[in-house]
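This report describes the contacts, nonpolar core and strand pairing of one model. The sequence and structure come before the details.

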Amino acid sequence: MEYKVVFYPVLKLTAKPFEQSYETSAAAEIALDAIASYTLDLHEKNLMPDHSNTGLVMKLVDGEWIEIDEDEDEI
């Protein structure tokens, strides 16, 4: 199975999100947690304005990317 992290740093902008592929859902979850921690750290150090952002882990199923529900046990 193939997984990817999709992260929207600012929801109000139309810029493309950051996307990165991973071989396992565990690796994708770790990466998403690191991205979230990093953006929070930037905000706390006044290096990044406070923006609404979001990220998610997706998996490739039958040629289509679908979001993994946070409650779904993929690991």
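## A31 and the basis of the model

Apart from neighbours within four places in sequence, A31 has contacts (heavy atoms within 4.5 Å) with V5 and Y22. The model is predicted, so local features need pLDDT of at least 70 and side-chain atom pairs count only at pLDDT 80 or more, while totals for chains, interfaces and linings use all residues. Residues are numbered from 1 along each chain as its sequence is written, and side-chain values use heavy atoms, with hydrogens and water left out.

## Nonpolar core

The largest nonpolar core has nine residues: Y3, V5, F7, A28, A31, L32, I35, V57 and I68. Such a core is a set of buried Ala, Val, Leu, Ile, Met, Phe, Trp, Tyr and Cys residues joined through side-chain atoms within 4.5 Å; buried means under 20% relative accessible area, exposed over 50%, and partly exposed in between, with a 1.4 Å probe and protein chains only. Two or more residues each come from β1 (3–8) and α1, and α1 gives the largest share, four residues.

## Helix and strands

Helices (H or I, at least four residues) and strands (E, at least two) are DSSP runs, numbered from the N terminus. A26 lies in helix α1, residues 25–44, and counts as partly exposed because its relative accessibility is 25%.

Strands pair if DSSP finds at least two bridges between them. β1 and β3 (residues 54–61) run antiparallel, joined by six bridges; Y8 has T54 in β3 as its bridge partner. Four bridges join β3 to β4 (residues 64–67), also antiparallel, and L60 is bridged to W65 in β4. Two residues separate the strands in the hairpin of β3 and β4, where D62 takes a positive phi near 50 degrees.
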